Amino acid sequence: MHPSSSSQSKTTTHTHIADKVRNLPPSGIRKFFDLLASMENVISLGVGEPDFVTPWHIREYAIYSLEKGYTMYTSNKGMPELRRELSKYLQYHYGIEYDPEEEILITVGVSEGLDLALRAILNPGDEVIIPDPCYVAYPACVTLAGGIPVHVPTTEENGFRITADDIAQQITPRTKAILFGYPANPTGTVLAREELLRIAELAMQRNLLIISDEVYGRLVYGVEHTCVATLSGMKERTILLNGFSKAYAMTGWRIGYAASGREIVAAMTKIHQYTMLCAPIMSQMAAIEALKTGEKEVAAMVEEYDRRRRVMVKGLRDIGLSCFEPQGAFYAFPSIKITGMTSEEFAERLLMEEHVAVVPGSAFGANGEGYVRCCYATSLKEIEEALRRMERFVHRHLKK
Amino acid sequence: MKQGVKQIFKALEADARLTPEQISTMTGIPVDEVKEVIKKAEEDKTILKYKTVINWAKLGEDQVWALVEVKVTPQRNVGFDAIAERIYQFPEARSVYLASGTYDLAVLVVGRTMQEVAIFVSEKLAPLEAVQGTVTHFILKKYKEDGEILEGGEGAKRLPLTP
């Protein structure tokens, strides 16, 4: 029997796309994006970036660098001055030394750093342990790098913290690394030093690497951020990923860095030089200025986020939604279980009925089901109005 | 001052209409303590007053502002303070600063018309005994006031939904 022409064309199309790409689940927020585009008067708590624009002196410096003709490729690893400044910065903030020549690589955002790290260390079938829920790119990047993401469920009761015990249960002979990002997107969870110490100890015992995405590391409220690499014996075992997007409000510049031991940085640089060549020079120039003189703005933004955080969390709790106290990043992750809806249903109906956009927790993993991510990187006025609308919505839909 | 208490003033400086309850939520300081701090600050003039920044041009209200440089002769014992006091009593003088450089006092003057400002400068300010001379700069356009950009700000450029 001959297949019909339509099924034939379907088959043909499919054969062009690699299995691992075809089998990647589509982004959980795409549908909402399309819905949103057609609506007006929407307050969006669905963003994943600051509402501040990059501080003017940083933008101005980038403009100046363009005027001076800085438009060329840079060294694969990134401009020496930027690596030196980063080395000083990491020493100053975390007391850790990275050799700017051999142990720091400038990347196109943390996104590229993550991809490079995974591709540099994974052989096909290697397993990477990831908390669930987590940032949407983690499992996808592991898969694309030929690895297998292994999820460790985290729960609200435990403040969405991953623990050494939970990790230990998932370790197999194929486990290569643990990948997490704290402060966390989507939960705002911060891992305490003691817990990180236990995880570090486990990593050393079982010879695992830790890929630590610390892009929200500067955005913590009333607690300290612990840089994993600073823990005793962990520098060579940690691939530290960080960037300028969140702390300096520089998301669109796509500029970040990776720091680790020589061998790993050299391996990542090898991939980077063939696939990316270098990060854009104007972004690197802007990053130099950010490191040199951006501290004041970072502090001011952190203060403002903290005010908004308190308003958001209290508001959500006043509505009757249980919401654990986020101590970092700029997200609250309330439970919406009292409505009896799935998180996707909640997000969709909230958007249609009250024009407030949130991201369903299920987009971040199975354990995000029953929660929604509310970003408070938006003006206090908007947060307050969004909370009023959410209150109406939740009270209308309380589970009978 | 405690870092936390300072947050109360920062919040109020950004938005004077915040209630003690809202400030309490934003800072995590109990509402009674917020009220107490504000009351004390009002009494000891740490908080001078609550005001609103208005873009009068939008109301079609004409206002003429001028920055007047004033060169004065300081007086024995009281330096610049006595002459500054004579000047700041005039309601037309909205702000008065002692400045370093080629002149001594910077006076921000407001009137309904250019003529009103000119009359104030020529008939009240310039003739004061200690005043050696004045230079009046009329303000042609206000771009930014009290940290607020008055016009030309652009809307959000963020995508409404990002992971």
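In which sense do strand β7 and strand β8 of chain A pair, and over how many bridges?

Reply: The model is a predicted one. In it, strand β7 (residues 238-243) of chain A pairs with strand β8 (residues 256-259) of chain A in the antiparallel sense, and the pairing extends over four bridges. Within this pair, A:Asn242 stands opposite A:Tyr257 of β8(A).

Seven strands of chain A form an open sheet, and their order across it is β2-β8-β7-β6-β5-β3-β4. The pairing in this sheet is mixed. At the edges are β2 (104-107) and β4 (148-153) of chain A, each of which pairs on one side only. From one strand to the next, the twist averages 20°.

A parallel pair is found in the sheet as well. β5(A) and β6(A) run parallel and are joined by four bridges. Here the bridge partner of A:Phe180 is A:Ser212, which lies in β6(A).

Helix α5 (residues 80-94) of chain A lies across β2 and β8 of chain A, and its direction is at about 115° to β2(A). Helix α7 (residues 137-144) of chain A also packs on the sheet, where it touches β3 (127-132), β4 and β5 (175-180) of chain A. The direction of α7(A) makes about 150° with that of β4(A).

Chain A is divided into domain 1 (7-53 + 297-395) and domain 2 (71-293). The centres of the two domains of chain A, taken over C-alpha atoms, are separated by 24 Å. Between them, 33 residues of domain 1 of chain A are in contact with 35 residues of domain 2 of chain A. On the side of domain 1 that touches domain 2, the elements giving two or more residues are α12 (295-319) and β9 (331-332) of chain A. The largest share of that side, six residues, comes from α12(A). By class, the side of domain 1 of chain A that touches domain 2 of chain A has 19 nonpolar, nine polar and five charged residues.

Four strands of chain B form an open sheet in the order β2-β3-β1-β4, with antiparallel pairing. β2 and β4 (131-138) of chain B stand at the edges with a single partner strand each, so one side of each has no neighbour in the sheet. The twist of this sheet averages 20° from one strand to the next. β1(B) and β4(B) run antiparallel and are joined by seven bridges; the bridge partner of B:Val68 in β4(B) is B:Thr136.

α4(B) lies across β1, β2 and β3 of chain B and runs at about 165° to β2(B). In helix α4 (residues 81-88) of chain B, the residues B:Ile83, B:Ala84 and B:Ile87 are buried. Seen down the axis of α4(B), the buried residues fall within an arc of 100°, and therefore they line one face of the helix. They pack against β1 (64-72), β2 (93-98), β3 (105-111) and α5 (114-125) of chain B. The face of α4(B) turned away from the buried side carries B:Asp81 and B:Glu85, which are exposed.

Finally, the two chains meet. Nine residues of chain B are in contact with 19 residues of chain A. The residues on the chain B side of this contact divide into five nonpolar, three polar and one charged.

Technical notes: Residues are numbered from 1 along each chain as its sequence is written. Chains are lettered from A and ligands numbered from 1 in the order in which they are written. This is a predicted model: local features need pLDDT of at least 70, side-chain atom pairs count only at pLDDT 80 or more; totals for chains, interfaces and linings use all residues. Two residues are in contact if their C-beta atoms, placed from the backbone, lie within 7 Å. Ala, Val, Leu, Ile, Met, Phe, Trp, Tyr, Cys and Pro count as nonpolar, Asp, Glu, Lys and Arg as charged, and the others, Gly among them, as polar. Two strands pair if DSSP finds at least two bridges between them. Axes are lines fitted to C-alpha atoms, for helices over the stretch in contact, and angles run from 0 to 180 degrees between N-to-C directions. A residue is buried if 20 or more other C-beta atoms lie within 10 Å of its own, exposed if 12 or fewer, and partly exposed in between; C-beta atoms are placed from the backbone. The arc is that of the directions from the helix axis to the C-beta atoms. Domain bounds come from an automatic or database domain assignment.
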